[in-house]
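Me: I would like to go through the salt bridges here and the reasons behind the labels. Please set each value against its cut-off.

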Amino acid sequence: MTRIATENYREEAIKGINDPVLQKALANLQMRLGRGAEEAYRNLPEGPGLRRKAHEIRMNAIENLDVLLELLADKIRSRGGHVFFAEDADAAVTYCLETAQKHNVRLAVKGKSMITEEIGLNDAFAAADIEVAETDLGEYIIQLAGEHPSHIIAPAIHKTRSEIGLLFSEKLNIPYTTDPETLTRAARKALREKFLSAGMGISGCNIACAETGHITVVSNEGNIRMSTTLPKVHVAFMGMERITARLSDHDILFRLLSRGAAAQKMAGYVSYIGGPRISGQADGPDEFHLVIIDNGRTKILADNEFREMLCCIRCGACLNMCPVYGEIGGHAYGYAYTGPVGAVVTPLLVGINRAKDLCLGETLCGACKDACPVDIDLPRMLLLLRAKLADGDEKWNVKRENTGEKILYGIWSEIVRRRWAYDAMLNLSREGLRLFTGKEGMISSFPFFLKGWTDSRDMKLPARESFMLQWKKSEKQKRVK
Amino acid sequence: MNYNKKVTLFIQCIIDGIFPEVGFAVVRIFNKLGIGVECPAEQTCCGQPAFNSGYRKEAKRAAEHFMEVFGEAECIVCPSGSCVNMVRNHYPELFRDNAKLLERAKGIGVKTFELTEYLVDVLGLEDLGSRYDGRITYHDSCHLMRGIGVKEQPRKLIRKIRGAEFVEMKDSDKCCGFGGAFSVKYPEISTAILEDKVKNIIDSNAEIVTGCDMGCLMNIQGMLSRRGLPVKTLHIAQLLAGQSI
Ligand code: SF4
């Protein structure tokens, strides 16, 4: 089952804010990767404008998905690969499980992939008593600890070196140490054994290519290359939107992806996979399966206001610039996707009411849009999601969230059309707020729904006379003179 | 179009109701420059609070009122980046299904300027001959910087103020955590972001933090005041109009 805990946003956010280890890690991450990506875009020979070009490439592919996916599937099948179109998470998981069972797989090795988090693959395999070993170092740590990733690219940023030392000494039977090299060696040794004995390799897909009929996967640890070449069977998962038409598109997209995700010019390992090993090839699986997943994406595709979201290549760059993510960390978002991308895509996938806090609990500062390598207008869609929550929406099956607020804004909209009424409202609120005013005309404890402000802040009492009132008076005096 | 003889003031509701002195600072700047000032007294709010919370029908009503009040103005100037962003970038979205109003909204958008944008880009001024003694740091408001692309204009103006020493704070371009209703709906997150901002202000050693949007400055002032920190918040218009501490 897929884990959805979006209802705990506020609670988990507060936990994140009060976790000093996480706070330090987040500040570090944003400083290094967030600012690093900014710099990397600036240093592009084509300049940051290349992001716009990438957006067009992605949008173009999204508009032609049906054709491109068919092309991809045909090419892969012609090389002896299997392609399965999965309507939802269950279908995708079942297909993979059955494939594993057919081959009597006891252990599968997996390269980091967000979509397998989305469909809850690990839990399903665990239930079927098949071990899935995460092979990305960060993911491996998280798996040993029995937790969930908190960042798309850096899943274990919330763990300290000493926590990892303790974890490894307990689970891998090595003497306690905090030396990163020793720890990495221990993980490497344990993982090598898994690579060699696994019956199945599982990966995601960063971007597929219709023209050549292959999927591309990148990593910095080489673990994905091993997961996809050593075991006899390779099952790759991709969201149905992760494709482009031409190979030349990949050049631009991977340069941007690497910059956005890790402030790198290019990831360390880039693999192109188009089917099983053919005779004469030294490496590669005997069987190759590509599972192309819908799981709610057709609905996003059908709505031209949200279609843009399908351009996303899950690089995590928006997390690294987001002030909210920078304080609360990834766990608050309660689903596979965290940060700004999660704030938009999660409500669309799991239900807008259910994930309302994700889109309401953002500042709308717009830093995510500038950080995005494919220039997705996330703030625009956050606003749109809020509009659906405010008024309800049939197409997306959204119920109005707050009738009281709706009524208040209704009254407000009448008042702002009449200056006299607006003045009366200003006076009334001023007189009301006077009761709460303390030192130097500052309000330090608001009543009711405004209380959140004064938990940490004062506010100046509204002026005795508004600017407009004073202005009118001075104009009148001028005329009298 | 004659953009430099007379301006029509569009006063942000926060300035109107809570910080009228900022509005008068703007008036003083234009008086000093010999530019005529008009200010339609029927104006209220551009509709941004409703729009940001998703109440588009209600925001539209405010926007219609705004367009009635300012429709005839030749050049509109506003001392708030987020309000200009609302008018220039969001009004067209609000009226996209109504060709007539859409055209009107776009027409108003192109003649609405943020104060520092107007002074530097339209009038070509940087030195207003102002004086202000003190060490000043500047906060980039999000909608000002990312929405309407104003980043260097205020810095140019501040650097020319006599007696002022301009210091950049760390992460000046990072959000202050205000976000309108967000600040009261998710106060814990808002506060955590604001704490970083306040720390960067304090670390800059400035005596004054300035900016081009009273929303952010009110938020920052709120925490400075609560914690008894000795840094003053002033809108850039107050510095340019030469108001002393
Ligand atoms: S929205 Fe943009 S920045 Fe965020 S994960 Fe997707 S592609 Fe990357």
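This is a predicted model: local features need pLDDT of at least 70, side-chain atom pairs count only at pLDDT 80 or more; totals for chains, interfaces and linings use all residues.

Me: Why is the contact between the side chains of A:Glu181 and A:Arg185 called a salt bridge?
Reply: The N to O distance is 3.6 Å, and the cut-off is within 4 Å, so the pair qualifies. Both residues belong to helix 10 (residues 180-197) of chain A, four residues apart, about one turn of the helix.

Me: What makes A:Arg255 buried?
Reply: Its relative accessible area is 14%. Buried means under 20%, so the label holds for A:Arg255.

Me: Is its salt-bridge partner A:Asp251 buried, exposed or partly exposed?
Reply: A:Asp251 has a relative accessible area of 43%. That lies between under 20% and over 50%, so A:Asp251 is called partly exposed. The two side chains meet at 3.6 Å, N to O, and the residues are four apart in helix 12 (residues 247-262) of chain A.

Me: How do you know that B:Arg56 and B:Glu93 form a salt bridge?
Reply: Their N to O distance is 3.4 Å, and a pair within 4 Å counts, so this is a salt bridge. The pair links distant parts of the chain, with B:Arg56 in helix 4 (residues 56-70) and B:Glu93 in helix 5 (residues 81-94) of chain B, 37 residues apart.

Me: Why are B:Arg56 and B:Glu93 called buried?
Reply: The relative accessibility of B:Arg56 is 16% and that of B:Glu93 is 18%. Each value is under 20%, so both count as buried.

Methods: Residues are numbered from 1 along each chain as its sequence is written. Chains are lettered from A and ligands numbered from 1 in the order in which they are written. Side-chain values use heavy atoms; hydrogens and water are left out. Helices (H or I, at least four residues) and strands (E, at least two) are DSSP runs, numbered from the N terminus. Buried means under 20% relative accessible area, exposed over 50%, partly exposed in between (1.4 Å probe, protein chains only).
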